[in-house]
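Please look over the sequence and the structure before reading the points.

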Amino acid sequence: MDPTDALALLMSPEGRLDPYPTYERLRAHGPVVQAGPVFYVVTGYAEADAILRDARFGVMDDALRDQFMPGWRESPAVVSISRSMLRTNPPDHSRMRRLAAGAFTPRRIAAMRDVVRAQADELVDAMLAADGPVDFMAAFAYPLPVGVICALLGVPAADRPLFRRWATDLTGVLEPEITADELAVADRGAAELRSYFTELVAARRRAPADDLTTALVQAHDGGDRLSGDELLANLIVLLVAGFETTTNLLGNGLVALLDHPDAAAALRERPDLAPAYVDELLRYDSPVQLTSRMSTAPSRYGDVDLPPESWVIVLLGAANRDPRRYPDPARFDPWRAQIAPLSFGAGPHYCLGAALARLEAQVAFPLLLRRLPELALAGRPERRVRLTLRGHATLPVRVGREAAPVTVPGTPPGAAGPTP
Ligand code: HEM
């Protein structure tokens with residue numbers, strides 16, 4: 001199959017539901033292939049990593065958006081994303097990233113561990129209380145990340161269900177192709193989020209709190225420039241980039257663990273293995289499958305010359321399964337040497353929330369396996385027909401009985417067992 005047809009297959013519902021066979025068809029033509037006049041696709045790990053770090057490549061800027069997406073200025077969804085650091089090039093990107101990273105401190109993230117654990121425990125309690133099978137996506141994979149990011153941003157608990165819907169609507173705009181109807185849905189989500197955050201920002205200006213929204217408002221007010229529009233766009237991107245991605249890591253990861261009961265049993269016994277497991281889960285079935293870049297100068301990758309103004313789709317999910325980087329890449333193996341998934345990207349746009357996402361998954365999986373040793377699929381998981389953000393619409397599970405509390409030698413009777 002030639003690369004253009006393989007790319008068309010990838011964009012089709014069939015290709016979106018299971019992109020991995022199509023990645024191999026593309027890979028058969030080399031790690032970088034031309035799939036249109038100025039259009040290239042990257043499946044190689046080394047090439048993807050290098051292109052994302054290469055200053056000759058940037059994200060699509062306003063001039064190119066005007067060329068490729070006329071009318072984008074009328075879309076609140078595209079405007080919101082394009083004013084954020086995710087879709088900005090230096091020098092604006094470096095300034096925004098510095099200001100946001102200053103608010104996203106390791107101390108603030110580390111302090112979230114107890115919040116994550118408490119929220120995960122509450123969600124497991126509710127799953128145990130349900131009568132019969134539950135949808136893991138609705139019961140755990142959505143509410144945990146949305147609860148965590150809302151706690152970080154200072155969004156009151158009562159508003160979280162609204163957020164979930166608006167954020168999910170808006171993420172349609174991250175797909176490589178979007179219909180007019182999907183764009184209208186994304187626009188509605190963006191408009192709601194903009195008006196919500198406008199009020200939250202005004203409230204934090206009146207009464208600062210110890211949260212990320214206040215930290216970003218103060219970074220703006222502190223003189224070094226996040227414009228009002230940039231502040232809103234970056235708050236929205238933190239929410240959108242931070243929540244559905246992590247939801248999909250929890251859903252994809254649970255399916256992989258249930259498919260590999262021996263590996264799951266090993267993690268149940270050894271929660272300290274969680275960091276390696278989570279990185280292998282990220283590699284094996286990446287929650288973000290692709291990103292894109294425009295080139296500003298000529299370059300050469302994988303024996304292919306890329307002229308300026310080439311549009312390059314970097315298939316992170318394919319790079320993570322490059323056999324030149326990972327032997328037997330389709331096998332889930334948390335014991336592999338040097339797992340370094342490209343699921344969080346690389347270079348200047350490397351995911352700002354990677355530490356938080358890893359923390360959530362490293363707490364959640366051992367906790368689920370420990371408290372729910374009988375957890376099993378209760379029906380066929382249904383995938384969403386999306387390529388960029390790969391995850392499930394529904395994931396029916398049988399929760400089973402809760403494990404008996406474990407007493408750790410040396411702890412007083414009645415004290416809690418080991419926690420991840
Ligand atoms: C498993 C979960 C996650 C995955 C797989 C993921 C993936 C990614 C990827 C691939 C990028 C780079 C996009 C590009 O280069 O074009 C990115 C950027 C970003 N992510 Fe994440 N992300 C996750 C969780 C989070 C969380 C929890 C947050 C925040 C709370 C977050 C915030 C961001 C931000 C702000 C950016 C833009 C950084 C920049 O442009 O400089 N992400 N993420």
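For a chain of 420 residues, a compact globule would have a radius of gyration near 22 Å, and the protein agrees with this because its own value is 22 Å. The model is a predicted one. Along the principal axes, the C-alpha atoms fill a box of roughly 70 × 55 × 40 Å.

**Fold and packing**
- The secondary structure of the protein consists of 19 helices and twelve strands.
- Buried residues make up 54% of the 420.
- Of the contacts between residues at least 6 apart in sequence, 71% join residues at least 24 apart.

**Surface and charge**
- The protein has an accessible surface of about 17,700 Å², and carbon and sulfur atoms account for 56% of that area.
- There are 45 positive and 52 negative side chains, and the centres of these two sets lie 3 Å apart.

**Iron site**
- The iron atom of the ligand has Cys 351 as its only protein donor, through SG at 2.3 Å.
- Cys 351 sits in the loop between helix H18 (316-319) and helix H19 (354-371).

**Arg 160**
- Arg 160 belongs to helix H12, which covers residues 160-171.
- Arg 160 counts as buried because its relative accessible area is 18%, and the cut-off for buried is under 20%.
- Beyond neighbours within four places in sequence, the contacts of Arg 160 are Gln 119, Val 146, Gly 147, Cys 150, Ala 151 and Val 155.
- Between Arg 160 and Asp 66 there is a C-alpha to C-alpha distance of 35 Å, with a separation of 94 residues in sequence.

Technical notes:
Residues are numbered from 1 along each chain as its sequence is written. This is a predicted model: local features need pLDDT of at least 70, side-chain atom pairs count only at pLDDT 80 or more; totals for chains, interfaces and linings use all residues. Side-chain values use heavy atoms; hydrogens and water are left out. Helices (H or I, at least four residues) and strands (E, at least two) are DSSP runs, numbered from the N terminus. The radius of gyration is taken over C-alpha atoms; the globule rule is 2.2 Å times the number of residues to the power 0.38. Buried means under 20% relative accessible area, exposed over 50%, partly exposed in between (1.4 Å probe, protein chains only). Contact means heavy atoms within 4.5 Å. Accessible areas come from the Shrake-Rupley method with a 1.4 Å probe; for residues, only the protein chains shown count as cover. Lys and Arg count as positive and Asp and Glu as negative; His and the chain ends are not counted. The place of a charge is taken as NZ of Lys, CZ of Arg, CG of Asp or CD of Glu. Donors are N, O and S atoms within 2.8 Å of the metal (3.2 Å for Na, K and Ca); water is not among the atoms, so sites may look incomplete.
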